[in-house]
Amino acid sequence: MVVFLLTATGVFYFGATSTIVKVDEITGVPNFAAPLLCSILMACCGSGIVLIINWRGGPSARVRRATRWCAGAALAVAMFTLFALGEAPVERPEDLDTYYANTPYIREMIVLYLVGRSAAAVIMASLCRRWLSDVSQELRVGLALLIAGYTSTLGFDVCKFAAVGA
């Protein structure tokens, strides 16, 4: 729960335009905040999935195995690697994804981020949907709201894919 709250706070903090500009200024690398923010967002998605898996419960071996799948840092390493391989010299704190959509390695980083976020949304919505029939009314309302939120995230991702593809 603490990791989820910390990463969610990190997403809001590092997602602010003023913070993005400051991170790029401190590091001296234009757009460095992009893979940093994407990595924090992926960590937030993963910790949310881990939270639902643990709250739902089940055989401990299955819970541990599912948790390990979500706790990997491979996505963050891949995004930073792709960013390092690419060239993004013009600082774009608000529209990096559409501005660099045709730039080698940066476009792959953007697609990797969008695919990861979409996959996390599908997983969360399906986990919540499967759990929905097993719980009381109060928790059912919360799960239904989570499903609606993650479905909205998927709609946003479809729009982002369209913008990047255009």
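**Rings, charges and accessibility**

Modeller: In this predicted model, the count of aromatic pairs comes to four, where rings are paired if their centres lie within 6.5 Å.

Biologist: Why is the pair of Tyr13 and Phe14 called edge-to-face?

Modeller: The ring centres of Tyr13 and Phe14 are 5.0 Å apart, with their planes at 85°. A pair needs centres within 6.5 Å, and planes over 60 degrees apart count as edge-to-face, so the pair of Tyr13 and Phe14 is given that name.

Biologist: And what is Phe14 called, going by its relative accessible area?

Modeller: Phe14 has a relative accessible area of 25%. Buried means under 20% and exposed means over 50%, with partly exposed in between, so Phe14 counts as partly exposed.

Biologist: What makes Phe32 and Phe80 an aromatic pair, and which name does the angle between the planes give it?

Modeller: Phe32 and Phe80 are 5.6 Å apart, centre to centre, and their planes make an angle of 45°.

Biologist: What makes Arg117 and Asp157 a salt bridge?

Modeller: Their side chains meet at 2.3 Å, N to O. A side-chain nitrogen of Arg has to be within 4 Å of a carboxyl oxygen of Asp, and so the pair of Arg117 and Asp157 qualifies.

Biologist: Are Arg117 and Asp157 buried or exposed?

Modeller: Arg117 has a relative accessibility of 11% and Asp157 has a relative accessible area of 0%. Buried means under 20%, so Arg117 is buried and Asp157 is buried.

Biologist: How do you know that Arg92 and Asp95 form a salt bridge?

Modeller: The closest N and O atoms of Arg92 and Asp95 are 2.6 Å apart, which is within the 4 Å that the term requires. Arg92 is partly exposed at 24% relative accessibility, and Asp95 is partly exposed at 26%. Another of the salt bridges joins Glu108 and Arg107, with the closest N and O atoms 3.2 Å apart; here Glu108 is partly exposed at 33% and Arg107 is partly exposed at 31%.

Biologist: Which residues form the positive surface patch, and which helix gives the most to it?

Modeller: The positive patch is formed by Arg62, Arg64, Arg65, Arg68 and Arg130. Helix H4 (residues 60-70) gives the most, with four residues, whereas Arg130 has its place in helix H7 (residues 106-132).

Biologist: Which residues make the nonpolar surface patch?

Modeller: Met1, Leu5 and Trp55 make a nonpolar surface patch of about 370 Å².

Biologist: Why does Trp55 count as it does, given its relative accessibility?

Modeller: Trp55, which lies in helix H3, has a relative accessibility of 51%. Exposed means over 50%, so Trp55 counts as exposed.

Biologist: What sets the phi of Asn31 apart?

Modeller: Most residues other than glycine have a negative phi. The phi of Asn31 is near 70°, a positive value in a residue other than glycine. Asn31 is found in the loop between H2 and H3, and it is buried at 2% relative accessibility. Tyr105 also has a positive phi, near 75°. Tyr105 lies in the loop between helix H6 (96-99) and H7, and it is partly exposed at 39%.

Biologist: Is Pro35 buried or exposed?

Modeller: Pro35, found in helix H3, has a relative accessibility of 0%, and as this is under 20% it counts as buried.

Methods:
Residues numbered from 1 in each chain as written. Predicted model: local features only at pLDDT ≥ 70, side-chain atom pairs only at ≥ 80, totals over all residues. Heavy atoms only, no water. Patch = residues over 30% accessible without salt bridge, like charges linked within 9 Å, V, L, I, M, F, W, Y side chains within 5 Å. Areas by Shrake-Rupley, 256 points an atom, 1.4 Å probe, with all protein chains shown as cover. Lys, Arg positive; Asp, Glu negative; His and termini not counted. Charge placed at Lys NZ, Arg CZ, Asp CG, Glu CD. Helix = DSSP H or I, 4+ residues; strand = E, 2+ residues; numbered from the N terminus. Phe/Tyr/Trp six-rings, centres within 6.5 Å; stacked < 30°, edge-to-face > 60°. Buried < 20%, exposed > 50% of the residue type's maximum accessible area, 1.4 Å probe, protein only.
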